[in-house]
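Thanks for coming, everyone. I'll go through the chain overall, then a helix, a strand and some charged pairs.

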Amino acid sequence: MLTATLFSSHVALKGPRDQLLALWLNGCYGRGDGDDLRAKRETPRHQAANTINAPATTAASELESEMEKQSERILSLVETAHLLIDGLLVLVQSLDGQSWVVDFHPQGSSDSNIQAMLSAIVHNCIMLNGSVSVFAAKLAVYRLLRTKGWVVRDGVRFAAEYVLYKPGGPLKYHADYAVHVHMVGRHSPVSWKQILATIRFTEQAKKKMLHISVSVPQLKANGSGGSFDQDFVTSVDSSNASIHMLQVSRWVP
């Protein structure tokens, strides 16, 4: 069992190392002690994937040795919501409005009661972003990229929404793509000058730029966080959201 505590912009998970390791191997790395320890990567920085679908590579067993020091992982609200919706995190007991006892199910569970915890996460995201639709759009993109086999991590260090790693994650590889998410109808149209500046920065970090335009159904949520609209789960399904991906690069004659 794990104890999940909700903060304004993340969720702290504490508990047995075997469950934290299982989360890690499932591709939800989060943050925690020992993140600066890097095993030797099998692929040099300049070798990157050439397709949007991640290459089939298995996680290394040496992750266990790195995780021996871990007793807590910090997951983003997007990562936590993804785990709840897929039944990977199952709510066992509510301790209060911001803390829960949860269990990790690697194969997923159809019996997961996620309403209370997911409603609190959505409420926090409304406070941060001003709209539930912004969070839904980011989550829909995250879930689509996960289905394509990528390890998806926060991209703030590269001025991006996400960065994408081959399976095996940052302990084995450098990120291949920096993902920029544009919400259709909410964000202003992106100018070519903005795109060129972003490409130059991305290339300096030795990554490829992936521009994703996303539109999700209009959502309404109770600002008090006391209720949860089931339409939210439906809206973040890639079959209901309109998502268009474009790899952008600079042509150098």
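**The chain at a glance**

Of the 253 residues in the chain, 49% are buried. Buried means under 20% relative accessible area; exposed is over 50%, and partly exposed is in between, with a 1.4 Å probe and protein chains only. This is a predicted model, so a word on rules: local features need pLDDT of at least 70, side-chain atom pairs count only at pLDDT 80 or more, and totals for chains, interfaces and linings use all residues. Residues are numbered from 1 along each chain as its sequence is written, and side-chain values use heavy atoms, with hydrogens and water left out.

The chain has seven helices and 10 strands. These are DSSP runs, numbered from the N terminus: helices are H or I with at least four residues, strands are E with at least two.

Now contacts, meaning heavy atoms within 4.5 Å. Take those in the chain with a separation of 6 or more: 68% are between residues 24 or more positions apart.

The accessible surface is about 12600 Å², and carbon and sulfur atoms hold 50% of that. The areas come from the Shrake-Rupley method with a 1.4 Å probe; for residues, only the protein chains shown count as cover.

**Helix H5**

Look at H5, residues 132–147.

After H5 comes Gly-149, with a positive phi near 95°.

**Val-151 in strand E6**

Next, strand E6, residues 151–154, which holds Val-151. Val-151 is buried at 7% relative accessible area. What does Val-151 touch, leaving aside neighbours within four places in sequence? Its contacts include Gly-27 and Tyr-29. Val-163, Leu-164, Tyr-165 and Lys-166 are also among them. Pro-170 is 19 residues from Val-151 in sequence, and their C-alpha atoms are 8.7 Å apart.

**Salt bridges**

Now the charges. Side chains of opposite charge can pair when their charged atoms come close. The rule here: a side-chain nitrogen of Lys or Arg within 4 Å of a carboxyl oxygen of Asp or Glu. How many salt bridges does this rule give? It gives five. I'll show some of them.

Glu-72 pairs with Lys-14, with 3.7 Å between the closest N and O atoms. Glu-72 is in strand E3 (residues 72–76) and Lys-14 in strand E2 (residues 10–14), so the link joins distant parts of the chain, 58 residues apart. Both ends are partly exposed: Glu-72 at 28% relative accessibility, Lys-14 at 48%.

Lys-166 and Asp-176 form a salt bridge at 3.2 Å, N to O. Both lie in the loop between strand E7 (162–165) and strand E8 (177–183), and the pair ties together parts 10 residues apart in sequence. Buried or exposed? Lys-166 is buried at 9%, and Asp-176 is buried at 2%.

Last one. Glu-203 meets Arg-250 at 3.0 Å, N to O. Glu-203 is in helix H6 (residues 192–204), while Arg-250 follows strand E10 (242–248), so parts 47 residues apart in sequence are tied together. Glu-203 is partly exposed at 31%, and Arg-250 is partly exposed at 30%.

Note on methods
The expected span of a helix is 1.5 Å times one less than its number of residues.
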